[in-house]
Amino acid sequence: MTIDERKTNNNVSQNSNVIQNLILENREKLSISGVLDVLSFDDQIVILETELGLLTVKGENLRINKLSLDTAEVIVDGEIYNLGYSEKDLEKKSGGGIFNKIFR
């Protein structure tokens, strides 16, 4: 298998035609594309539903500077400490909530 075939296979196995950009400038300004919805936010945590899963932004003095769901863009300002993805259907993939994890 050539390198080009591997790249093509990897792209097909992941979410096809989904491009998401995260641009973090000096840990103070985060520009995100591919945002479907803002699920929750306060000055310490922002939870976004993106095309690639749920994105959690943690920090201090966080504020949403720009929100455009028409263009699927969000800009978060503040002191950003952590960015983390989780799957949209985490409970379905893990076999249902915490009890199934405990009683495996």
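Predicted model: local features only at pLDDT ≥ 70, side-chain atom pairs only at ≥ 80, totals over all residues.

Guide: Residues are numbered from 1 along each chain as its sequence is written, and side-chain values use heavy atoms, with hydrogens and water left out.

Visitor: How many helices and strands does the chain have?

Guide: Helices (H or I, at least four residues) and strands (E, at least two) are DSSP runs, numbered from the N terminus. Here there are 3 helices and 6 strands, and from the N terminus on they follow the order α-β-β-β-β-β-β-α-α.

Visitor: In what order do the strands lie in the sheet?

Guide: Strands of a sheet pair through backbone hydrogen bonds, either parallel or antiparallel. Two strands count as paired if DSSP finds at least two bridges between them. In this chain an open sheet of 6 strands has the order 1-2-6-5-4-3, with antiparallel pairing. Strand 1 (22-25) and strand 3 stand at the edges with a single partner strand each, so one side of each has no neighbour in the sheet. One of the pairings joins strand 4 and strand 5 over 6 bridges; Val 46 stands opposite Val 57 of strand 5.

Visitor: Which residues form the largest nonpolar core?

Guide: A nonpolar core is a set of buried Ala, Val, Leu, Ile, Met, Phe, Trp, Tyr and Cys residues joined through side-chain atoms within 4.5 Å. Buried means under 20% relative accessible area, exposed over 50%, and partly exposed in between (1.4 Å probe, protein chains only). The largest such core has 12 residues, among them Leu 30, Val 46, Val 57 and Val 74. At least two residues of this core come from each of strand 2, strand 3 (35-41), strand 4 (45-50), strand 5 (53-68) and strand 6 (73-86). Of the chain's 104 residues, 25% count as buried.

Visitor: Is Ser 31 buried or exposed?

Guide: Ser 31 counts as buried because its relative accessibility is 18%. This residue lies in strand 2 (residues 29-33).

Visitor: What is Ser 31 in contact with?

Guide: Contact means heavy atoms within 4.5 Å. Leaving aside neighbours within four places in sequence, Ser 31 is in contact with Asn 21, Leu 22, Ile 23, Val 74 and Ile 75.
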